Each structure stands twice: as structure tokens, then as C-alpha cells.
Amino acid sequence: GEAGGVVWKCAAAMGHHLCDQRYFPPGYWKAKRCLEIGAGTGILGLAAARLGAVVTITDYGELSELIAHNVKRNLTPEQQAATTVDSFDWNQPNIGVRFPPDRWDVILISDVVWADGYGRLPQTLTEIASPTTPIILGFEQRAHKRPELASPTFVPTLHKIFQVDEVEFPAEFQREHLYLY
């Protein structure tokens, strides 16, 4: 898809966030088992892999090919060996069978919230995350540009299911319409 082939502002800011030692001390990412959902270009998974994580980068359809290309172009052979690209549609029921919750140390998600088109994402997260799995989620609230792209129910829905903490983006990426949880 066209939207998945773009590195959005929020994804770039989140990539920098993964390097922020206020939240992730040196060595934090070493051998962490990370899942990136709705990866588009795969920038978050690539960042985590470069930091030493063992990463599965996912999206659906033709985007898997784009991600595989980006893995080959941007990671060392050792990092490529620790990175898997897979097709994943969070709207499919029982996805936890394929991606069990004990498999992930961290789940990364950026820019998948468009209007209320997040579908089963909250339910899917309950299936693939254990109670202690951090889910790092960021998105740009685009309602200031186009009101129909607002998602007024997404974060409140997450609050009903998970402990949700808003995190400050690194200073160079602070914009009033980017949100990180």
C-alpha cells in the first residue's frame, strides 16, 4: 500500500526514542525478542535490530517484500540473521496461536491508528502480549489536518485493557500532534 511505503514522522521519532537512554539503558535491546506490527517500511524493527534485538518485522501483502528489501539494504549480515520478515494481519482472529504471548519481550507499533480503522488491534494485542510485555506505540493525531482521521476511541480503549503511560518524544521530535505510549 502507498501509506505503508512511507517513513512517517512518528516512526522516525520512535526510532530515535528506542535509542533514548532515559528509557532504555545501554544494552537494553541486546537479544530482546521484538515484534513490529504494521511495519510499513520496517524502520522501527530495523532500529531495534541495529541496537541488537532479535526482531520479527510484520505487515501484510506486498509490504513484506519492501521490508525484506530494507532489511538487506540497512542491516549487517549478523543483524539480518537475527531479523525475520513475516506477513501479519492483526484483524485475523486467533492470531495468538501463530504469535504466542511468551514469544515477545517488546512489541513495537507506529502509525497504525487512522480514524477508527484500527479494527481488532486492541484484542490482538491481548492475544500476543503477555501481562509484562511492553508495547511501544506511537501515532500522529491527524485530526488537526483532517478531522475524519481522528481516532477518539483508540487510546481510551487501550486504557480499559492495559496500563498506558504517555511518554515524551526526544526533544528534536516534539510536535504537538505526535503521541507515544
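Guide: Welcome! A helix axis here is a line fitted to C-alpha atoms, over the stretch in contact. Keep in mind that this is a predicted model.

Visitor: At what angle do helix α1 and helix α2 pack, and how far apart are their axes?

Guide: Helix α1 covers residues 9-17 and helix α2 covers residues 43-50; their angle is about 15° and their axes lie 9 Å apart. Angles under 35 degrees count as roughly parallel, so α1 is roughly parallel to α2. Their crossing is right-handed.

Visitor: Which residues make the contact?

Guide: From α1 come Ala11, Ala12, Met14 and Gly15, and from α2 come Ile43, Leu44 and Ala47. Sorted by class, that contact of α1 with α2 has 6 nonpolar residues, 1 polar and no charged ones.

Visitor: Let's turn to charged pairs. How many salt bridges does a search of the whole structure find?

Guide: The search finds 4. One of them joins Arg22 to Asp20, with the closest N and O atoms 2.6 Å apart.

Visitor: Is Asp20 buried or exposed?

Guide: Buried means under 20% relative accessible area, so Asp20, at 11%, is buried.

Visitor: Where in the chain do Arg98 and Asp86 sit?

Guide: Those two form a salt bridge as well, with the closest N and O atoms 2.6 Å apart. The pair links distant parts of the chain: Arg98 belongs to helix α5 (residues 95-98) and Asp86 to strand β3 (residues 83-87), 12 residues apart. Arg98 is partly exposed at 39% relative accessible area, and Asp86 is partly exposed at 24%.

Key. Residues are numbered from 1 along each chain as its sequence is written. This is a predicted model: local features need pLDDT of at least 70, side-chain atom pairs count only at pLDDT 80 or more; totals for chains, interfaces and linings use all residues. Side-chain values use heavy atoms; hydrogens and water are left out. Axes are lines fitted to C-alpha atoms, for helices over the stretch in contact, and angles run from 0 to 180 degrees between N-to-C directions. Helices (H or I, at least four residues) and strands (E, at least two) are DSSP runs, numbered from the N terminus. Angles under 35 degrees count as roughly parallel, over 145 as roughly antiparallel, 65 to 115 as roughly perpendicular and the rest as oblique. A crossing is left-handed if the near helix is turned anticlockwise from the far one by less than a right angle, and right-handed if clockwise. Contact means heavy atoms within 4.5 Å. Ala, Val, Leu, Ile, Met, Phe, Trp, Tyr, Cys and Pro count as nonpolar, Asp, Glu, Lys and Arg as charged, and the others, Gly among them, as polar. A salt bridge is a side-chain nitrogen of Lys or Arg within 4 Å of a carboxyl oxygen of Asp or Glu. Buried means under 20% relative accessible area, exposed over 50%, partly exposed in between (1.4 Å probe, protein chains only).
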